[in-house]
Amino acid sequence: MSSLAQRVVDKLQRADLAQRQGRLVAFNGLVIESIGPDAHLGELCELLPGDGREAVQAEVVGFRQDRVLLMPYGNVQGISADSRVRATGRSLSIPVGNGLLGRVVDAFSRPLDDRGELRLTQDYPLYREPINPLDRAEITDVLETGIRAVDGLLTLGVGQRMGVFAGSGVGKSTLLGMMARHVSADVTVLALIGERGREVGDFLRHSLGEDGLRRSVVVAATADQPALVRTHAVHAAHAIAEFFRDQGKSVLLIVDSMTRFAMAQREIGLAIGEPPTFRGYTPSVFAQLPRVLERCGRIAGQGAISAIYSVLVEGDDMNEPITDHMRAILDGHIVLTRELAARAHHPAIDVLHSTSRLMSQVAAAEDQSLAREVRRVLALYEGSRDLIELGAHQRGANPALDRAIDLKPALDAVLMQKPQESLRRAEALRQLRAAMESVR
């Protein structure tokens, strides 16, 4: 049999020669219930309005007795009781390719910018099999961010997963934009999840900028889109990052924010009948978080995905469930505080409550020693701040505290940084050493 004939036979054997259809019987605003079709969990289906309108894609998210539960990806206006549900036989995937560089796309790799259509010929699975732990390479190389407080005191490694924990309005988006512009990576994949539409445009124009966008792929799913689309966008961003990693490239993945991803997953879980736990979060939320985060890292013989996940801390409560769970999974966290932001200390990084768990692996011994000394000085000052501000401290009573008071302005000058400013890590370390040596 010729190769052409063999390909035809193979396609005929895989072809779905019968349509699997079902009938819509209920819709509660979020979840569509249907009798049939015979579909599996995660399969894509099409909702077929009875008036001949365009089909709407939906995903099978669960089962209840003899009914199939589906959540739509688009507007279901026009869906009626006589609508049909057709199984496609396809699981979720995302189109990928080098053509994504410099583009702004939605959760399905469809362009949101005005730069023309995308021609992407390769598909990547939305949900990938977990990485074998023994296939992960050791993280040994420094990831430079261009931010002095991070490079000097919270040194990151290529392939590390870091969290940025902040309440609203303390400069989280500005810090993420600085990282997107200045981090030394081949490709940046940026996922904006649950943002207001205005914020997406502002972030691209002011925080990321044209230079940052040139080597980036931006995936946006705004707050007005269905919860399933918002969760889809997070998985799509990871799949795009995996595509570039498999090419041997160093990828920076930034997700803003995982809290909104968790809220969308909570919305899905409650709609399909999951029991709520603390603050209404369902069990599937805490099951999904590690599955998402474990897709990053450095793979032996391939590239690496270095990930920055922002976490919107509700009510500035660092012990709320998503914040606490993310802190346990990640390889470190950067905490931004409202107190520092109120003092015009930007970026408002609270060094004493932030940590990089891999700094001991990637930073030289003398750099680690410098970071520990700076932390000791800052901790001593913060522990006595009330006495200092009340004027109750007398010089000479505690020479170490006297030195900390004298060093504090010099250290603040190094740790504060304008958004447009960027320095190499070696220069950041030099400035920190100079600040520490300014007072003997």
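These are my notebook entries on a predicted model of one protein chain.

**Ground rules**

I number residues from 1 along each chain as its sequence is written, and I work with heavy atoms for side-chain values, leaving out hydrogens and water.

**Entry 1: the whole chain**

I looked up the secondary structure and found 14 helices and 19 strands in the protein chain. I take helices (H or I, at least four residues) and strands (E, at least two) as DSSP runs, numbered from the N terminus. The C-alpha trace spans about 90 × 50 × 40 Å along its principal axes. Of the 440 residues, 52% are buried; buried means under 20% relative accessible area, exposed over 50%, and partly exposed in between, with a 1.4 Å probe and protein chains only. I also checked contacts (heavy atoms within 4.5 Å). Among those between residues at least 6 apart in sequence, 71% join residues at least 24 apart.

**Entry 2: the barrel**

I traced 6 strands that close into an antiparallel barrel, in the order S1-S2-S5-S4-S3-S6. Two strands pair if DSSP finds at least two bridges between them. Neighbouring strands of this sheet are turned by 45° against each other on average, direction ignored; axes are lines fitted to C-alpha atoms, for helices over the stretch in contact, and angles run from 0 to 180 degrees between N-to-C directions. Within S5, Leu69 stands opposite Glu33.

Is S15 buried or exposed? I find 7 of the 7 residues of S15 (residues 250–256) buried, so the strand is largely enclosed by the rest of the structure. In a regular strand the side chains alternate between the two faces of the sheet. In S15 both faces are covered, with Ser250, Leu252, Ile254 and Asp256 buried on one side and Val251, Leu253 and Val255 buried on the other.

S15 pairs in the parallel sense with S13 (residues 187–195) over 6 bridges, and Val187 has Val251 as its bridge partner. S15 also pairs in the parallel sense with S17 (residues 304–312) over 6 bridges, where Ser250 has Ala304 as its bridge partner.

Ser257 sits in the loop between S15 and H6 and counts as buried because its relative accessibility is 0%. Leaving aside neighbours within four places in sequence, I list Ile193, Ser310 and Leu312 as contacts of Ser257. Thr259 is in helix H6 (residues 258–271) and is likewise buried, at 0% relative accessibility.

**Entry 3: Arg161**

I looked up Arg161 in strand S12 (residues 161–166). Arg161 counts as buried because its relative accessible area is 9%. Arg161 and Ala307 are 146 residues apart in sequence, yet their C-alpha atoms are 4.6 Å apart in space. Contacts of Arg161 beyond four places in sequence include Leu293, Cys296, Tyr309 and Asp331.

**Entry 4: nonpolar cores**

A nonpolar core is a set of buried Ala, Val, Leu, Ile, Met, Phe, Trp, Tyr and Cys residues joined through side-chain atoms within 4.5 Å. The largest core has 61 residues, and Leu253, Met258, Tyr309 and Met326 touch the most other members. Helix H5 (residues 227–246) gives the most to this core, with 12 residues. Apart from it lies another core of 57 residues, including Met162, Leu252, Val351 and Val377.

**Entry 5: helix H11**

I checked the length of H11 (residues 365–383): its 19 residues should span 27 Å, and its end C-alpha atoms are 27 Å apart, which agrees. The expected span is 1.5 Å times one less than the number of residues. The buried residues of H11 include Asp367, Leu370, Val374, Val377 and Tyr381. The buried residues of H11 pack against H2 (148–153), H10 (359–362), H12 (385–390), H13 (399–415) and H14 (425–437).

**Entry 6: cysteines**

How many disulfides does the structure hold? I count 0 disulfides, taking one as a pair of cysteine sulfur atoms within 2.5 Å. Cys45 is buried at 1% relative accessibility, and Cys296 is buried at 2%.

Notes
This is a predicted model: local features need pLDDT of at least 70, side-chain atom pairs count only at pLDDT 80 or more; totals for chains, interfaces and linings use all residues.
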